[in-house]
Amino acid sequence: MIKFLLPSQLVADRPDTPGASPYAGALNDAFRAAYPLVKSAAWLSLPISLFGLLPSIFLLQVYDRVLSRSGVSTLAALVCGILFFLCIEFWLRTRRSRLLRNAGATVDHGVSSALLHSMLGRPLRALEARPASAWQLFFRDVGAVRGTVTGGLAQSIFDLPMAIFALVVIGIVALPVLPVVAAFLAIMSFLAWWWADEVRAGRVEEVQRGRGLDRITSEICHARETLKAQSNDGPTIDVWQQTYNAWLSESFGKNGQIETARDGTTVLLTVFSVIVVTVGAVSVMQQWMTVGGLVASNMLALKALQPVAGLVSNWRALATAKEAAKRLETVLGEPVEKAPTGMALPQPLGRVTLKDVSFSFTEDAPQPVLENVDLDIGPGGLHVIVGRNGAGKSTLVKLLSGLYTPTHGVVSIGEYDLSQFGREELSRWISYLSQEVYWFGGPLVDTMRRGAPGQSDEQIVAACKLSGAHDFISRLPDGYRTVVGEGGTGFSVGERRKLALAMSFLRKPSVLVLDEPSNDLDFQSERNLLATMLAVAKVRTVVVVTHSLRIVSAATAVYHVTGQGNVEIGSAAVMVPKLFGVKKPLVALGDADEGGGNAGVSAASRSMA
Ligand SMILES: Nc1ncnc2c1ncn2[C@@H]1O[C@H](COP(=O)(O)OP(=O)(O)OP(=O)(O)O)[C@@H](O)[C@H]1O
């Protein structure tokens, strides 16, 4: 029965489709893992339903045997008996609730974990296509699906056998009332089914509006500081208000229907009770049944109807869960990146080549961001990528980091085509530091270790010295154990960038790709960073996107992304005058200790070797 009512994505076995996402069947897998628990809970429901009949039988005995014969000792025995069975019923109910809770946790754990892996395992382009708030809502959907196994709906379904047992007992003790109860049961079942359809109609619209509201609320929360600083929250509040009003009117109408259904059920139950008592009273007067039979049948009739009434009030939760399951099935079925090859290949030297590479964000883009680009970068050296805003620099470095897949052509590291590797393997060889850095909250050193597991304290300190982070960390009262706030609050933007740089150094990749690393750095820090990059470039390939004349001047090679799809290549001596309008580069090539303020860079850079 529960399988019939639950979302089909949970209960229906999925055929293994070759090439499908490994997480496509996560809902069904999670439910299958939880099913033995659900089944045990269903079995427990049989004795619970039987025990549920005892109070009515107790009443029947009290009216027919105790009151008519003043049987005090019978009453005492009945009370003891009923208390004993109620204790057992209580124990069975707590056991059933625990089983259902565990089943819910199993479903939740299985689906949430698959969702997280699926989110982090998909290509960067796919991640960029969906906002963070949409992902948060998917995680909330998991809760709605879990609710079908643990919530009131499951309880109502499990209590359905009680309806049958109650009908049987009514047939025995109050036969004249049985047709009335059976008729009402049929009416209530029909109403439950009919309301289910009513509830479902228009739900999609309401849910979509609700999700739209959640999304805009989440964005406003993220942008709260910007809105405050710019003091332009008026128009934003207007947009939020409009979205809110649209959702409210939709939800108001839907809630109205649901409340009518619920109120109608309550009134119907009362009407039903009145009819049962009336029919019962007539039957007692005609001596077709006893007074005890009348009282007991009244109670039993409500027991028979309660699970069906419970289903009516839980349709909304079921409709929500079914839509949530549908959304989760779609998102979990979306493709993820390749699994690791599992081959322990020797670390390549750090030569990256692009062969006839083209890339467009969309199929119908008027012009590709990059078109038929050939590049040969490294091994070793400081390779600087320049170009105007929006020319395609970040796109280029994402391609050569394996984060984007070329629309056409091949990107390789050493002799290996990047497309054969999973992200986890590639990130050991090519470390990419993006323009915007997010720093996780918690003790500083723990976050660093999580990003580069197995690193010793000495290695962490060496990486921080290399990035320039050691200076400000060692001045903090708690040093490397300082607890950082969410997103890195407590540190300046420049300090966060230095921390992120340290993480990149810690991974000891063959190729270090840094997207505008000198953004937010002060003059001296930029000089120190340049010295560090030049030192690291002696043992690794360093690729840097920058607008800094100082860094471009020190480059082994300069790659100018023109914005017309092609890339011009030249030495700093040639490219600096051409691109920056100055006569010659600022510093001599290979001047690793330029600025002189970064003592220990050479020593620390050896730790990268
Ligand atoms: N996720 C995306 N979807 C669609 N178009 C994008 C996306 N990211 C970037 N673009 C577009 O691709 C082009 C290149 O963007 P890219 O980020 O590579 O530029 P950039 O040279 O790094 O610019 P900047 O110096 O401002 O960082 C731009 O026109 C940009 O609008």
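Two strands pair if DSSP finds at least two bridges between them. The close-ups below come from a predicted model.

**View 1. Strand β10 pairs with β3.** Strand β3 covers residues 381-386. Strand β10 covers residues 541-545. Five bridges join the two strands, and they run parallel.

**View 2. Strand β10 pairs with β9.** Strand β9 spans residues 511-515. Five bridges link β9 to β10, again in a parallel arrangement. Leu512 has Val542 of β10 as its bridge partner.

**View 3. Strand β10 is covered on both faces.** The strand is mostly covered, with five of its five residues buried. Thr541, Val543 and Val545 lie on one side. Val542 and Val544 lie on the other. Both sets are buried.

**View 4. Helices α4 and α6 pack against each other.** Helix α4 runs over residues 72-121 and helix α6 over residues 132-150. Their axes are 8 Å apart, at an angle of about 155°. Angles over 145 degrees count as roughly antiparallel, so α4 is roughly antiparallel to α6. The crossing is right-handed.

**View 5. Residues at the α4 and α6 contact.** From α4 come Leu100, Arg101, Ala103, Gly104, Val107, Asp108, Val111, Ser112, Leu115 and Met119. From α6 come Trp135, Phe138, Phe139, Val142, Val145, Arg146, Val149 and Thr150. By class, the contact has twelve nonpolar, three polar and three charged residues.

**View 6. Helices α17 and α19 cross.** Helix α17 takes in residues 457-467, and helix α19 residues 493-506. Their axes come within 8 Å and cross at roughly 125°. That angle makes α17 oblique to α19. Helix α17 passes α19 in a right-handed crossing.

**View 7. Residues at the α17 and α19 contact.** On the α17 side are Gln459, Ile460, Ala463, Cys464, Leu466 and Ser467. They meet Lys498, Leu501, Ala502, Phe505 and Leu506 of α19. Eight of the contact residues are nonpolar, two are polar and one is charged.

Note on methods: Residues numbered from 1 in each chain as written. Predicted model: local features only at pLDDT ≥ 70, side-chain atom pairs only at ≥ 80, totals over all residues. Axes fitted to C-alpha atoms, helices over the stretch in contact; angles between N-to-C directions. Helix = DSSP H or I, 4+ residues; strand = E, 2+ residues; numbered from the N terminus. Parallel < 35°, antiparallel > 145°, perpendicular 65-115°, else oblique. Left-handed = near helix turned anticlockwise from the far one by under 90°. Contact = placed C-beta atoms within 7 Å. Nonpolar A, V, L, I, M, F, W, Y, C, P; charged D, E, K, R; others polar. Buried ≥ 20, exposed ≤ 12 C-beta atoms within 10 Å, placed from the backbone.
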